[in-house]
Amino acid sequence: MHVIFRTLLILLKARRRRRTTPWEAAEITLRALPTDVDILMHINNGQYFSLFDLGRFDMMVRSGLWAGAKRRGWNPVVQAEQITFRKSVNFWTKFQIYTKFIGVDDRCFYIEHRVVVDGEIYVRAHVAGRLIGKNGPVPMEEILEMAAETGHPVPENFQVSDDLKAWRQDFALPASRKPAPHISF
């Protein structure tokens, strides 16, 4: 909730910005605010995922996927995330977040986020997400049908790389209805 005002602003701005397809990179420009940085005066590692939410909201609204999902009672959720840091984004630095769908597998869609400062990648993250409806996770076929109905047929060979599939499978926890006992490590 600490980015609620930014979220509302992004949602309002997205409605007036150029329409995109979900298959091209969407870009938002932000500045590292006092609420983003830690005591070292750079964006806190945990803050990046909240900022990436803003990129996903912008991309979904501008592509029409947000409206299509809401009409069906679907809500996006994150299933897994990974991030790599290259350089720090310091206080008051202006930066862009690029957000792009990069593929799907049988259960998730995958999004890449890049934080770019002056044309240089500082941070990159991959997010595996799902859409959840009143009966649970929405099958990928229905999500891709919805994208096509909004005027965005899925590109050919839109499968996620084997590396990303392996990452999600290797680090996945058991399904929520299965036990996941904690054993000391």
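**Notes on rings and voids**

1. The count of aromatic pairs comes to eight, where rings of Phe, Tyr and Trp (its six-membered ring) pair if their centres lie within 6.5 Å, with planes under 30 degrees apart called stacked, over 60 edge-to-face and the rest tilted. This is a predicted model, in which local features need pLDDT of at least 70 and side-chain atom pairs count only at pLDDT 80 or more, while totals for chains, interfaces and linings use all residues. Residues are numbered from 1 along each chain as its sequence is written, and side-chain values use heavy atoms, with hydrogens and water left out.

2. One of the pairs joins tryptophan 23 and phenylalanine 101, whose rings are tilted at 55° between the planes and 6.0 Å centre to centre. Tryptophan 23 is in the loop between α1 and β1 and phenylalanine 101 is in strand β3, so this pair ties together parts 78 residues apart in sequence. Helices (H or I, at least four residues) and strands (E, at least two) are DSSP runs numbered from the N terminus.

3. Tryptophan 66 has 18% relative accessibility and counts as buried. Lysine 70 lies over the face of tryptophan 66, 4.9 Å from the ring centre; the rule asks for NZ of Lys or CZ of Arg within 6 Å of the ring centre and within 35 degrees of the ring normal. In the same way, arginine 72 has its charged end over the ring of tryptophan 74, at 5.5 Å from the centre.

4. Which residues form one aromatic cluster? They are Trp23, Phe101, Phe109 and Phe158. Trp23, Phe101 and Phe109 are also among the residues nearest the centre of the largest cavity, together with Leu65 and Ile143.

5. The whole structure has one cavity of 30 Å³ or more, a cavity being a set of points on a 1 Å grid over the protein atoms alone where a 1.4 Å probe fits but cannot get out. The space in this cavity is about 130 Å³, a volume being the space filled by probe spheres set on points joined across faces, edges and corners. Its lining of 13 residues is nonpolar throughout, with no polar and no charged residues. Helix α4 (140–149) gives the most, five residues.

6. The largest pocket has a volume of about 480 Å³; a pocket is an open set of points with protein on both sides within 12 Å along at least five of seven lines, and lining residues have an atom within 4 Å of a point. Of its 17 lining residues, Gln79, Arg107, Arg130, Ala175 and Ser176 lie nearest the centre. Eleven are nonpolar, two polar and four charged. The largest contribution, four residues, is from β2.

7. The second largest pocket holds about 200 Å³ of space. Its lining includes Arg6, Lys13, Arg17, Glu27, Arg31 and Asp58, and by class has five nonpolar, one polar and six charged residues. Strand β1 supplies the largest share, five residues.

How values were computed:
Ala, Val, Leu, Ile, Met, Phe, Trp, Tyr, Cys and Pro count as nonpolar, Asp, Glu, Lys and Arg as charged, and the others, Gly among them, as polar. Buried means under 20% relative accessible area, exposed over 50%, partly exposed in between (1.4 Å probe, protein chains only).
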